[in-house]
Amino acid sequence: MKRSGSADLPLHNGTVPQWLAERMAKLGLAITEAILIDFGKSELLRRLSDPFWFQSLGAVMGMDWHSSGITTSVIGALKRSINPHSKELGIYVCGGRGKYSRQTPNELLLIGERTGLDANHLVHCSKLSAKVDNTAVQDGFQLYLHSFIVSSEGEWTVVQQGMREASATARRYHWHSSLQSFIDEPHTGVCGENQGLILNMTAEEAAPSRNGIMNISQEHPNKMLHEVQQLVMPSHHDVLSKDVDLRRLGSVLWLAHEKQTQNFEELLLLEGLGPRTLQSLALVSEVIYGTPSRFKDPARFSFAHGGKDGHPFPVPIKVYDETIHTLQTAVEKAKLGNTDKQQAIRKLHEIAANAEKNFSPNNSFDELIEKERNESWMHGGKTVFGDAKPPKQKNKGVQLRLF
């Protein structure tokens, strides 16, 4: 089992509004293409198998930063945006929620016909991963989502999720094709709240039972999760300062809002973008170029495009669209061999990461969120409840900074 992570994901009902779903698909495709250009297909699949990165991707897309809905919406967005370009990209997204999960085998057989991949083997892997998480790991969660993402080389990642209605929680399971065995600690990550004693027939400690008479064997959750780091997503909707690495967020605000682009010639190609768009673009840059250790606080990435439920603030549509356009332009130019703009976007992450080493945030986190909410209407802010409105009273003296 790779060291990836575990997380508690509160169950949220509802659907993603069309205005957000369309933008999530566009941003998801642009991020995917940027990763493929710089790192390749194997790295994209590795990241999708990382629960921390996956949660951060959903947050930067404007979904509810902590809920189970990130899984469904991100998979749906990637499937809609990537599959029309699968032949070019060499990435195929199968399955989904409910009835779409059951279509996975047929989708894989079609992919096999088009690519020459061993589709029967891929179907076998898909079914086994679902069987293990539904049966071999008896943790009280019933699978309702199964997605199988495969490259043209046959490397794959599984992202699937189960729910436990009694506790209103979900558990997300991540797999990667680098596993050595389906029955010997195969997961790259298991995301969910510790539920106490469980039956885990995939644990290394369960090998004698598997090889013997398969007696029911209960193991403490620590036996199953000892190889993974734990990410606990809280049930509260508000983004609180304790949910965010303030030093990292503060360095992004410093870079975007203190005209730092004028101090780094590598960023000259980004001049003309407003500070609010640079803030979003810097966080998107980190999702593309950041190392695994930088995704321990997924809530921070909600400061790119807010959340559809209004937490930490409404989704700034104008900023979102400008971010998508800038990233899409950089990707298209990179395909033609002109990587200057893409390198400038990468530099945003590098400068912010270097700045945080000696960075000391202050205690104005709540003021930051208040200012974002007060100014949301100026950026076309939207939530599932409607459009953002101007504040009734002008809030004077609030500075958008954490330094």
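In the predicted model, strand β5 (residues 156-164) and strand β6 pair in the antiparallel sense, with eight bridges between them. Within this pairing, T157 has H176 of β6 as its bridge partner. The two strands form a hairpin with four residues between them, and A168 takes a positive phi near 55° there. Strands of a sheet pair through backbone hydrogen bonds, in either the parallel or the antiparallel sense.

Strand β6 spans residues 169-176, and eight of its eight residues are buried, so the strand is largely enclosed by the rest of the structure. In a regular strand the side chains alternate between the two faces of the sheet. In β6, T169, R171, Y173 and W175 point one way, while A170, R172, H174 and H176 point the other way. Residues on both sides of β6 are buried, the arginines R171 and R172 and the histidines H174 and H176 among them.

Strand β12 (residues 381-383) is joined to β13 by two bridges, and the two strands run antiparallel. K382 has D387 of β13 as its bridge partner.

Among the helices, α4 (residues 69-82) contains 14 residues. From its first C-alpha to its last, α4 reaches 20 Å, close to the 20 Å expected at 1.5 Å a residue. The helix is mostly covered, with eleven of the 14 residues buried. The buried positions of α4 are G69, I70, T71, S73, V74, I75, A77, L78, K79, S81 and I82. In an α-helix there are 3.6 residues a turn, so residues three or four places apart point the same way.

The loop between α4 and α5 (86-89) includes N83. This residue, N83, has a relative accessible area of 28% and is therefore partly exposed, a class that lies between the limits of 20% for buried and 50% for exposed. When neighbours within four places in sequence are left aside, the contacts of N83 are L78, I91, Y92 and V93; of these, L78 is one of the buried residues of α4. N83 and V93 are ten residues apart in sequence, and their C-alpha atoms are 6.4 Å apart in space. The side chain of N83 reaches the backbone oxygen of V93 at 2.9 Å.

One aromatic cluster is formed by F303, F313 and F365.

For the chain as a whole, the secondary structure comes to 15 helices and 13 strands. Of the 403 residues in the chain, 58% are buried. Among contacts in the chain with a separation of 6 or more, 68% are accounted for by residues 24 or more positions apart.

How values were computed:
Residues numbered from 1 in each chain as written. Predicted model: local features only at pLDDT ≥ 70, side-chain atom pairs only at ≥ 80, totals over all residues. Heavy atoms only, no water. Buried < 20%, exposed > 50% of the residue type's maximum accessible area, 1.4 Å probe, protein only. Pairing = 2+ DSSP bridges. Phe/Tyr/Trp six-rings, centres within 6.5 Å; stacked < 30°, edge-to-face > 60°. Expected span 1.5 Å × (residues − 1). Contact = heavy atoms within 4.5 Å. Polar contact = N/O pair within 3.5 Å; in protein donor to acceptor, adjacent residues only side chain to side chain.
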